Amino acid sequence: MVFYFTATGNSLYIARQLDPEPLSIPQLLKKDDAELVFSDETIGIVYPNFGGSQPPVVREFMKRAVLKTEYLYMVPTFGFRAGTSADTAKELCDSLGLKLSLVRGLFMVDNYLPNFDIASELQMDKKVEAQLAALREDIASRKEEVILMTEEEKEERRRHIAERRAKQAAERGGKPAPDLSHGKMFVITDVCIGCGTCAKVCPEGDYEIVNGRAQHNGGFCMNCLACVHNCPVNAFRLAVPEKNPEARYRNPGVGLSEIIAANCRR
Ligand SMILES: Cc1cc2nc3c(=O)[nH]c(=O)nc-3n(C[C@H](O)[C@H](O)[C@H](O)COP(=O)(O)O)c2cc1C
Ligand code: SF4
Ligand code: SF4
C-alpha cells in the first residue's frame, strides 16, 4: 500500500511505480478519522521534500491515520538536497509511535521556482529509473535504512542556509525578507482565462473563480506550487525573483487530469 501527495507529478510517478493504485493523501483527508485505518505488509509514503521536511498535508495524514504494518517506508522526492528529510521523517514517526524502516530520497526535477530554472533542470539526467530499481529491491528485501545527518553535515547545512540568507538579504539591500506565507509567494496576472485549473489542483481548496478570474483566498496555502506549474496559460508570476518565469513543470509521465484527481478538494 502506498500513499502519496504530489504538486507537479514527481511523487505520483514514483508512487505508481511502487504500487499501481497508490492512494492520494488530499483525497483521504476528506474522510473521517474512523475511515483512516490501514493495514498491509508494507506501507509507503511518497511526497515532495519541502525544506527537509514533509508537506503539511502529509504530516496531517500521518497524525490522523492509523497505519498498521511491519514495514513502513518514506520516500521524499527532491531536486537538490534531501537535507534533513530522514531526520524529520524519523522524528515524526517517533512522535506517533510508528517504527520507520526505510527513508529514501529520490533525486528528480526541482520544481522550486525561486531557486531553479526548469529548463536547466530538464537538461539533467538524474537517473530516476536506476534510483527506482534500487528502491524497489530494497523494499522487496525489507532493508532497514534511515540515514540521519551527521553533526558535520548539519553544520554544513547551517552554513549553507546562513550564506544563502545573507546573499538574499544583500540582494534586497538589507530590507526584511518578504512574507511568503499563505499564498503571498505568487500573483495571478491578467493572462488568467478563468479556466479553474488552479482551483482543481490546489490540495487546500484555496481558489474561487470570480468574474472569470482566479481569486486566491490565502487559506492554508503551503506553497506547493501545484497551481503555478499547472496553469495552462502560465498566468502566475512569483512575488520574489524567479529563475525562469517562462518555464513550468509537470512530470512527463503524469497528466493534468491525474493531478486534479489527486488534489481536488471539492
Ligand atoms: C515549497 C517547496 C520546498 C522545496 N524544498 C526542497 C528542498 O528543501 N530540497 C530539495 O531538494 N527540493 C525541494 N523542493 C523541490 C521538490 O521537493 C521536488 O521538485 C519534488 O520532486 C516535487 O515533487 P512533486 O512533483 O511530487 O510535487 C521544494 C519544492 C517546494 C515547492
Ligand atoms: S489555472 Fe491559470 S488561467 Fe486557469 S483560472 Fe487559474 S490562474 Fe486563471
Ligand atoms: S494555492 Fe497553490 S501553492 Fe498554495 S496550496 Fe494551493 S496549489 Fe499549493
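How many residues does helix α6 have, and how far does α6 reach from its first C-alpha to its last? In this predicted model, α6 spans residues 128-140 and has 13 residues. The reach is 18 Å, close to the 18 Å expected at 1.5 Å a residue.

**Helix α6**

V128, Q131, L132, L135, D138 and I139 are the buried residues of α6. Their arc around the axis is only 125°, which puts them on the same side of α6. An α-helix has 3.6 residues a turn, so residues three or four places apart point the same way. Exposed residues sit on the face turned away from the buried side of α6: A130, E137 and A140. The cover over the buried residues of α6 includes α1 (10-18), β6 (71-78), β7 (100-103) and β8 (106-107). After α6 comes R142, with a positive phi near 55°.

**Ligand 1**

Ligand 1 is surrounded by 22 residues. T6, T8, S11, N49 and F80 are the closest.

| Residue | Atom of the residue | Distance to an oxygen atom of ligand 1 |
|---|---|---|
| T6 | side-chain N or O | 2.7 Å |
| A7 | backbone N or O | 2.8 Å |
| T8 | polar side-chain atom | 2.5 Å |

T6 and T8 use side-chain atoms here, whereas A7 uses a backbone atom.

**Ligand 2**

Around ligand 2 there are 14 residues. C192, C195, G196, C198 and C231 come nearest. What classes make up the shell around ligand 2? The shell has 11 nonpolar and three polar residues, and no charged ones.

Key: Residues numbered from 1 in each chain as written. Chains lettered and ligands numbered in written order. Predicted model: local features only at pLDDT ≥ 70, side-chain atom pairs only at ≥ 80, totals over all residues. Heavy atoms only, no water. Near = heavy atom within 4 Å. Nonpolar A, V, L, I, M, F, W, Y, C, P; charged D, E, K, R; others polar. Helix = DSSP H or I, 4+ residues; strand = E, 2+ residues; numbered from the N terminus. Expected span 1.5 Å × (residues − 1). Buried < 20%, exposed > 50% of the residue type's maximum accessible area, 1.4 Å probe, protein only. Arc of directions from axis to C-beta. Contact = heavy atoms within 4.5 Å. Polar contact = N/O pair within 3.5 Å; in protein donor to acceptor, adjacent residues only side chain to side chain.
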